[in-house]
Amino acid sequence: MQKQGRVIIPEGKKVAVNLGIDFDAQSIWDGSFKLTSPAYESRGEFGAEVGAPRLLALFKKYGIKTTWFIPGHTADTFPEICKQVLADGHEIGCHGYVHENPTNATLEEETKVMAMALHSLEKLGAPKPVTYRSPYWDFSPNTISILEKNGFLYDSSLMGNDLHPYYPRPVEVHSDSANIFGEPTKILELPVSWFLDDFPQTEYLTGGQEGQRPAQDIFDRWAAIFDYACTLEGACYMLTCHPQTIGRAHMIQMYEKLIQYMAERGAWFATAAEIGAATVPK
Ligand SMILES: [Zn+2]
């Protein structure tokens with residue numbers, strides 16, 4: 001059975017909420033989509049130059065500390081705004097170098113990417129990160145051991161639970177008999193969900209993803225998931241947003257409305273590391 005955790009929520013609050021920011025900027029276009037033309041680069045530039053400052057101002061207004069998952073490439077390309085994230089007291093999480101897909105990477109390749117990612121965050125002056133989010137929300141067979149070797153305590157990339165932390169297990173896949181789970185890892189998983197991610201629902205990709213869903217639909221879904229989380233004991237709600245997406249005019253207004261909605265109903269806004277540290281066995 002899955003080894004699960006529950007979060008010890010501070011008195012008077014109901015649900016741990018991490019308003020996670022995946023600060024992909026240009027790295028998602030360069031590394032994941034291999035789209036490096038000026039228009040795609042400008043979408044990443046918007047995230048760093050316009051979206052991120054809007055988000056920092058919003059978090060300051062509500063006194064919220066959260067986790068910014070910053071690829072090394074973003075730290076190197078846009079160091080000033082990344083230093084501002086740090087100065088504002090947010091947790092900095094590791095998010096690859098140039099938004100790589102790790103699933104088919106060799107151990108050497110993945111080890112090298114991790115070293116580059118950590119070096120770029122160190123250059124910013126960030127403390128050694130304890131939380132990792134895979135750029136692809138996926139692992140290679142080596143990812144967990146690389147995370148353990150580099151001192152990570154928490155991961156936020158997998159979907160084996162939705163509203164409770166858990167310890168992921170490796171799966172040996174068989175197509176002619178049952179799959180076999182291995183032992184749970186020591187890394188605590190703070191699970192993500194595509195339903196709690198702004199990017200697929202919103203971003204238009206020419207000839208691909210349609211995106212462009214109305215902001216109200218997204219608000220309704222995110223609020224409904226939060227309402228359900230309020231009925232559970234020790235739940236965590238991990239929302240993933242991107243400055244180039246949530247930073248758009250219609251989206252950031254919806255996001256602020258959501259912050260107010262959750263604050264009125266008992267959200268404990270916290271960093272991923274704070275939520276991880278407050279987790280005990282279920
Ligand atoms: Zn990302």
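Student: How do helix 2 and helix 10 sit, in terms of axes and angle?

Tutor: Please keep in mind that this is a predicted model. The axes of helix 2 (residues 38-62) and helix 10 come within 12 Å, and they cross at roughly 25°. Angles under 35 degrees count as roughly parallel, and helix 2 and helix 10 are therefore roughly parallel to each other.

Student: Is the crossing of helix 2 and helix 10 right-handed or left-handed?

Tutor: Helix 2 passes helix 10 in a right-handed crossing.

Student: Which residues meet there?

Tutor: From helix 2, the residues are Arg54, Leu58 and Tyr62. In helix 10 they meet Ile252, Glu256, Ile259 and Ala263. Sorted by class, this contact of helix 2 with helix 10 has five nonpolar, no polar and two charged residues.

Student: What about helix 8 and helix 10: what are their angle and axis distance?

Tutor: Helix 8 (residues 215-229) packs with helix 10 (residues 249-264) at an angle of about 25°, and their axes are 10 Å apart. That angle makes helix 8 roughly parallel to helix 10. The crossing of helix 8 and helix 10 is right-handed.

Student: Which residues make that contact between helix 8 and helix 10?

Tutor: Helix 8 contributes Ala215, Ile218, Phe219, Trp222, Ala223 and Phe226. They meet His250, Met251, Met254, Lys257, Leu258, Tyr261 and Met262 in helix 10. The residues of this contact of helix 8 with helix 10 divide into 11 nonpolar, one polar and one charged.

Student: Turning to the core, how many residues does the largest nonpolar core have?

Tutor: The largest nonpolar core has 65 residues, and those with the most contacts inside it are Val15, Ala16, Val17, Cys236 and Tyr237. Helix 10 provides the largest share of this core, six residues.

Student: Where does Ala16 lie, and is it buried or exposed?

Tutor: Ala16 lies in strand 2 (residues 15-22). A residue is buried if 20 or more other C-beta atoms lie within 10 Å of its own. Ala16 has 29 other C-beta atoms within 10 Å, so it is buried.

Student: What does Ala16 touch, leaving aside residues up to four places away in sequence?

Tutor: With those set aside, Ala16 touches Val7, Ile9, Ala235, Cys236, Tyr237, Trp268, Ala270, Ile275 and Ala278.

Student: And how many residues apart in sequence are Ala16 and Ile259?

Tutor: Ala16 and Ile259 are 243 residues apart in sequence, yet 13 Å apart in space, C-alpha to C-alpha.

Student: A new topic: what is phi of Trp137?

Tutor: Phi of Trp137 is near 50°, a positive value in a residue other than glycine. Most residues other than glycine have a negative phi. Trp137 lies in the loop between strand 5 (131-132) and helix 6 (143-149). With 16 C-beta neighbours inside 10 Å, Trp137 counts as partly exposed.

Student: What about phi of Gln212?

Tutor: Phi of Gln212 is near 60°, also a positive value in a residue other than glycine. Gln212 is found in the loop between helix 7 (198-202) and helix 8. Since only a count of 12 or fewer makes a residue exposed, Gln212 is exposed, with 9 other C-beta atoms within 10 Å.

Student: Finally, where does Leu107 lie?

Tutor: Leu107 lies in helix 5 (residues 107-124). With 13 C-beta neighbours inside 10 Å, Leu107 counts as partly exposed. The C-alpha atoms of Leu107 and Thr143 are separated by 8.5 Å, and these residues are 36 residues apart along the chain.

How values were computed: Residues numbered from 1 in each chain as written. Predicted model: local features only at pLDDT ≥ 70, side-chain atom pairs only at ≥ 80, totals over all residues. Axes fitted to C-alpha atoms, helices over the stretch in contact; angles between N-to-C directions. Helix = DSSP H or I, 4+ residues; strand = E, 2+ residues; numbered from the N terminus. Parallel < 35°, antiparallel > 145°, perpendicular 65-115°, else oblique. Left-handed = near helix turned anticlockwise from the far one by under 90°. Contact = placed C-beta atoms within 7 Å. Nonpolar A, V, L, I, M, F, W, Y, C, P; charged D, E, K, R; others polar. Core = buried A, V, L, I, M, F, W, Y, C linked by C-beta atoms within 7 Å.
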